[in-house]
Amino acid sequence: YLGTIPTLLILVSGKTKEFLFSPNDSAADIAKHVYDNWPMDWEEEQVSSPSILRLIYQGRFLHGNVTLGALKLPLGKTTVMHLVARETLPEPNSQGQRNREKTGESNCCVIL
């Protein structure tokens, strides 16, 4: 545990699995590691390629080159992230964001 960041990954289905990562690991490294070590009980959610696995941390998609260290995650303390299969990432300043600002619509999450 020392020097690592325990990371609890949650699938859309609600299934979870904890992995240990280094602060130097990037979102792309994590996606590849999870793909290569796909948990047995996640078999129904198996994806065809690690390149479509995306991490979401605090409501934001992590781009492939972002490291856990850059997020200032605490060592030894479990971090929770969502793992989704998605071909492309939304653009950082996408139209949806601007529209929300104009309408004053709030953005919330539903946890099932």
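First, the ground rules. The model is predicted, so local features need pLDDT of at least 70 and side-chain atom pairs count only at pLDDT 80 or more, while totals for chains, interfaces and linings use all residues. Residues are numbered from 1 along each chain as its sequence is written, and side-chain values use heavy atoms, with hydrogens and water left out.

Now the fold. The protein chain has two helices and five strands. Helices here are DSSP runs of H or I with at least four residues, strands are runs of E with at least two, and both are numbered from the N terminus. Read from the N terminus, the order is β-β-α-β-β-β-α.

Next, contacts, meaning heavy atoms within 4.5 Å. Of those with a separation of 6 or more, 60% are between residues 24 or more positions apart.

The accessible area is about 7,600 Å², and carbon and sulfur atoms hold 53% of that; the method is Shrake-Rupley with a 1.4 Å probe, and for residues only the protein chains shown count as cover. Of the 112 residues, 29% are buried. Buried is under 20% relative accessible area, exposed is over 50%, and partly exposed is in between, with a 1.4 Å probe and protein chains only.

Finally, two loop residues. Gln58 sits between strand E3 (53-57) and strand E4 (60-61). Its phi is near 50°, positive although the residue is not glycine, and Gln58 is exposed at 67% relative accessible area. Lys72 is in the loop between E4 and strand E5 (79-85). Lys72 is also a non-glycine residue with positive phi, near 60°, and is exposed at 72%.
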